[in-house]
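Try each one yourself before reading the solution.

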Amino acid sequence: AETTDLIDQLQARLKDYDFEDGDCLIPMGDPVIIAAACAILGCDFGTIRVLKWDRNLGKYMPAVISV
């Protein structure tokens, strides 16, 4: 039941994600939640965009993941 609640909450929060409009995820915090969010968006869209921190440049860089 706990996993179902998590997935339901993530789906509700990610409902407006729009890859074509340039939306990105910033993976921070709990790895389980990050993995679940990526899985949901991967299933829904097949491709997601995340922002990855680049230490050398000192800024976030986009990375596209095709599932």
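**Exercise 1. Work out what share of contacts in the protein join residues at least 24 apart, among those between residues at least 6 apart in sequence.**

Solution. Keep in mind that you're looking at a predicted model. Start with pairs whose heavy atoms come within 4.5 Å. Keep the contacts between residues at least 6 apart in sequence; of these, 44% join residues at least 24 apart.

**Exercise 2. List the helices and strands in chain order, and describe the overall dimensions.**

Solution. Begin with the tally: there are 2 helices and 2 strands. For the dimensions, take the C-alpha trace along its principal axes, and you get about 40 × 25 × 20 Å.

**Exercise 3. Describe how helix α1 packs with helix α2.**

Solution. Two packed helices are described by the angle between their axes and the distance between the axes. Here α1 covers residues 2–13 and α2 covers residues 31–45; the angle is about 60°, and the axes are 10 Å apart. That angle makes α1 oblique to α2. As for handedness, the crossing of the two is right-handed.

Next, look at who meets whom. From α1 come Leu-6, Ile-7, Leu-10 and Gln-11, and they meet Val-32, Ile-33, Ala-36, Ala-37 and Ile-40 of α2. Sort the residues of this contact by type, and you find 8 nonpolar, 1 polar and no charged.

**Exercise 4. Find the largest nonpolar core and say which element gives it the largest share.**

Solution. First, how much is buried? Of the 67 residues, 21% count as buried. The largest nonpolar core has 11 residues: Leu-10, Leu-14, Tyr-17, Phe-19, Leu-25, Ala-36, Ala-37, Ile-40, Leu-41, Ile-48 and Val-50. The largest share, 4 residues, comes from α2.

Leaving out residues up to four places away in sequence, Ile-48 touches Tyr-17, Phe-19, Cys-38, Leu-41, Gly-42, Ala-63, Val-64 and Ile-65.

**Exercise 5. Decide whether Met-28 is buried or exposed, then list what it touches.**

Solution. Locate it first: Met-28 sits in the loop between α1 and α2. Its relative accessible area is 61%. The cut-off for exposed is over 50%, so Met-28 is exposed. Even so, Met-28 touches Ile-34 and Tyr-60, not counting residues up to four places away in sequence. What about Phe-45, 17 residues apart from Met-28 along the chain? The C-alpha atoms of these two are separated by 21 Å.

Definitions and conventions. Residues are numbered from 1 along each chain as its sequence is written. This is a predicted model: local features need pLDDT of at least 70, side-chain atom pairs count only at pLDDT 80 or more; totals for chains, interfaces and linings use all residues. Side-chain values use heavy atoms; hydrogens and water are left out. Axes are lines fitted to C-alpha atoms, for helices over the stretch in contact, and angles run from 0 to 180 degrees between N-to-C directions. Angles under 35 degrees count as roughly parallel, over 145 as roughly antiparallel, 65 to 115 as roughly perpendicular and the rest as oblique. A crossing is left-handed if the near helix is turned anticlockwise from the far one by less than a right angle, and right-handed if clockwise. Ala, Val, Leu, Ile, Met, Phe, Trp, Tyr, Cys and Pro count as nonpolar, Asp, Glu, Lys and Arg as charged, and the others, Gly among them, as polar. A nonpolar core is a set of buried Ala, Val, Leu, Ile, Met, Phe, Trp, Tyr and Cys residues joined through side-chain atoms within 4.5 Å. Buried means under 20% relative accessible area, exposed over 50%, partly exposed in between (1.4 Å probe, protein chains only).
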